[in-house]
Amino acid sequence: MSKTSWQEMAVYLNGEIVSGSEAKVSVFDHGFLYGDGVFEGIRVYDGCIFKCKEHIDRIYRSATAIRLDIGMSPEDLTSATVDTVRASGLRDAYIRLVVSRGIGDLGLDPRKCSQPSIVIIVGGIVLYPEEVYQKGLSLCTVSVRRNSPTALPPAIKSLNYLNNVLARIEVADAGYLEGIMLNHEGYVAECTGDNILVVTDGAIRTPADHCSLLPGVTRNAVRDLAVKRGIPYSEAILTLLDLYWADECFLTGTAAELVPVVSIDGRTIGTGEPGPVTQALLKDFREIAGQDGVPVY
Ligand code: PXG
């Protein structure tokens with residue numbers, strides 16, 4: 001059995017590091033009953049937790065938004081994450097950090113949950129097939145709209161991912177690997193688990209934070225790389241036409257890194273091959289990946 005099978009993964013569970021097969025959470029946990037909690041997905045590259053501070057900061061912001069007291073300091077949560085990666089022995093890994101409301105009764109009231117459940121899973125990496133990075137990805141637009149920020153702000157990385165799951169079902173039914181979600185006004189928001197960016201006349205544009213999306217850590221890393229290269233970068237309100245008419249398009253995400261997009265809703269993007277700006281930024285990204293973060297070993 002490989003070390004990345006779930007039974008053998010290293011899991012931090014409320015202060016202890018156990019194996020995947022021992023890591024169990026109660027059916028009365030409100031994370032299970034209501035999706036009441038927050039999470040992060042983080043990558044480890046060559047023994048270094050990529051953008052660790054950015055992910056830790058985001059989980060505390062998500063927790064603040066849902067009035068969840070994580071009950072430990074960001075420094076201690078970072079140490080627990082480092083310890084769990086070390087226990088896994090992995091140099092390249094995917095970390096899933098989950099903080100749920102904890103055990104309560106069968107009612108919604110979160111005040112009945114006295115202690116959050118803190119889980120850190122260190123496992124393997126799920127990536128798009130290598131072919132996608134060489135040839136590019138085709139996307140479709142789905143009918144499910146991204147949650148309105150007036151209902152459940154997509155900037156909160158909560159355990160309630162049904163909006164994205166419903167969209168992902170539609171994507172899979174249509175025979176695609178990823179799809180575009182519009183916001184409640186019909187403007188482009190993001191993909192089901194990735195941010196989306198376009199390159200037009202040498203400048204990068206991506207939907208602004210108020211367009212119903214999760215501002216990705218990877219997207220911000222790419223912004224910094226673009227600025228370093230002198231490539232203009234801006235956040236804007238984008239329509240599907242802005243995507244169809246772009247010279248290049250790509251996705252960013254912790255699991256995805258940078259994925260070139262070559263077709264959207266049957267329209268070829270640019271030349272139909274991964275573009276030069278996308279390729280340059282992917283190269284830059286892979287160069288900083290093992291350096292920009294917290295070392296484990
Ligand atoms: N938007 C959404 C809705 C996400 O869930 C991103 C953007 C990219 O953000 P980062 O910070 O990773 O650059 C995410 C994160 C999956 C999966 O199985 C994807 C994410 C989270 C959990 C599962 O595809 N992506």
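**Figure 1. Accessible surface of the protein chain in a predicted model.** The accessible surface, computed by the Shrake-Rupley method with a 1.4 Å probe, comes to about 13,600 Å² for the protein chain, and 55% of this area belongs to carbon and sulfur atoms. Of the 297 residues in the chain, 52% are buried, where buried means under 20% relative accessible area, exposed over 50% and partly exposed in between (1.4 Å probe, protein chains only). Because the model is predicted, local features need pLDDT of at least 70 and side-chain atom pairs count only at pLDDT 80 or more, while totals for chains, interfaces and linings use all residues. Residues are numbered from 1 along each chain as its sequence is written, and side-chain values use heavy atoms, with hydrogens and water left out.

**Figure 2. Helix H5, residues 162-173.** The protein chain holds eight helices and 16 strands, which are DSSP runs numbered from the N terminus (helices H or I, at least four residues; strands E, at least two). Helix H5 has 12 residues and reaches 16 Å from its first C-alpha to its last, close to the 16 Å expected at 1.5 Å a residue, the expected span being 1.5 Å times one less than the number of residues.

**Figure 3. The buried and exposed residues of H5.** Asn-163, Asn-164, Ala-167 and Val-171 are the buried residues of H5. They lie on the same side of H5 because they cover an arc of only 90° around the axis, the arc being that of the directions from the helix axis to the C-beta atoms. On the other side of H5, Leu-162, Ala-172 and Asp-173 are exposed.
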